[in-house]
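Here are my notes on this one, in numbered points. Have the model open while you read.

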Amino acid sequence: MENDISRITCPLCSADHVLPLHVDKWREYVRCVACQLTFVPSVFHLTPSDEKAVYDLHQNSPSDHRYRNFLSRLFEPVHGRIAAGSHGLDFGSGPGPTLSVMFEEAGHHMAIYDPYYAPETAPLTLQYDFVTASEVVEHFCNPGEELCRLWSYLKPGGLLGIMTKLVLDREAFADWHYKNDRTHVSFFSRETFAWLAEDWNAELVFVGDDVMLLRHRADV
């Protein structure tokens, strides 16, 4: 690897023991020994304008039934674990907010935030019964800081629902389509979420292959 990984610290847990994992024609990938986060060193990150240009290509909308079906993998387990009329925040709602619409249709009260498409920060001054982040955390350049911010938006006992593809192993990573999106810079594994849950003293549930639910303990 061209990067001097001895100078790289993990953007999630701040550990300084990282190992090379993979190199492709665009960038390098390293894995943290402590929390098992795989990440792209910052030197390879896109500029905000280049990143937004990729997001602008997305054609998602509430009228797209295939997109709704995709989001149902996160919607259903969250909806099944929250009280009627709960207040939620969909973080990283994208250019065509849809998950928030699905929750509103189910009787919940929703706020949205997206740094590019819904940048009004007033929703980030409140706390919620639940927070969702669908296909968002893989874009985090500083996941330690950004995930803790998401966690802070929850009321005691609140629920954080995350959907993102999970890293399996080195061999699978080499052929993994998910890494080829250059806006994806943080790749989580089950071990990473287990580390996060322990750090937060949170209850963790895995649903299927790509949904993680973290429950804010009411007594801490």
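1. Strand and helix labels here are DSSP runs numbered from the N terminus, with helices (H or I) of at least four residues and strands (E) of at least two. S7 and S10 pair in the antiparallel sense over five bridges, where pairing requires that DSSP finds at least two bridges between two strands.

2. Some housekeeping: this is a predicted model, with local features needing pLDDT of at least 70 and side-chain atom pairs counted only at pLDDT 80 or more, while totals for chains, interfaces and linings use all residues. Residues are numbered from 1 along each chain as its sequence is written, and side-chain values use heavy atoms, leaving out hydrogens and water.

3. Now the whole sheet. It is open, with six strands in the order S5-S4-S6-S7-S10-S9 and mixed pairing. S5 and S9 are the edge strands with a single partner each, so one side of each has no neighbour in the sheet. On average, neighbouring strands are turned by 20° against each other, direction ignored; axes are lines fitted to C-alpha atoms (for helices over the stretch in contact), and angles run from 0 to 180 degrees between N-to-C directions.

4. On its other flank, S10 meets S9: the two run antiparallel and are joined by five bridges. Leu204 is the residue opposite Leu214 of S10. The hairpin of S9 and S10 has three residues between the strands, and Gly208 there takes a positive phi near 65°.

5. Is S10 enclosed or open to the outside? It is largely enclosed by the rest of the structure, because four of its five residues are buried. Buried means under 20% relative accessible area, exposed means over 50%, and partly exposed is in between (1.4 Å probe, protein chains only).

6. H2 lies across S6, S7, S9 and S10, running at about 155° to S7. H6 packs on the sheet too, touching S7, S9 and S10, and its direction makes about 155° with that of S9.

7. The largest nonpolar core has 38 residues, and Leu89, Phe91, Val131, Leu147, Leu150, Leu160 and Leu214 have the most contacts inside it. By nonpolar core I mean a set of buried Ala, Val, Leu, Ile, Met, Phe, Trp, Tyr and Cys residues joined through side-chain atoms within 4.5 Å. Elements that each supply at least two residues include S2 (28–32), S4 (87–91), H4 (143–152) and S10. H6 gives the largest share, four residues.

8. Which residues does Leu214 contact, leaving aside neighbours within four places in sequence? Among them are Trp151, Leu160, Ile162, Phe193, Ala197, Trp200 and Leu204, with contact taken as heavy atoms within 4.5 Å. There is also a second, separate core of 15 residues, which includes Tyr67, Leu74, Ile82 and Leu99.

9. Leu196 is worth a click. It lies in H6 and is buried at 2% relative accessibility. Not counting residues up to four places away in sequence, Leu196 touches Leu12 and Leu147.

10. On to charges. The count is six salt bridges, each being a side-chain nitrogen of Lys or Arg within 4 Å of a carboxyl oxygen of Asp or Glu. One of them joins Arg68 and Glu105 at 2.9 Å, N to O. This pair links distant parts of the chain, from H2 (residues 65–79) to H3 (residues 99–105), 37 residues apart. Glu105 is exposed, with a relative accessible area of 54%.

11. Asp210 and Arg73 meet in another, at 2.5 Å, N to O. Asp210 sits in the loop between S9 (203–207) and S10 (211–215), 137 residues apart from Arg73 in H2. Asp210 is buried at 4% relative accessible area, whereas Arg73 is partly exposed at 34%.

12. Last pair: Lys155 forms a salt bridge with Asp129, with the closest N and O atoms 3.6 Å apart. Lys155 is in S7 and Asp129 in S6, so the bridge ties together parts that are 26 residues apart in sequence. Both are partly exposed, Lys155 at 32% and Asp129 at 23%. Salt bridges with shared partners also join Arg73, Lys165 and Asp210 into one network.
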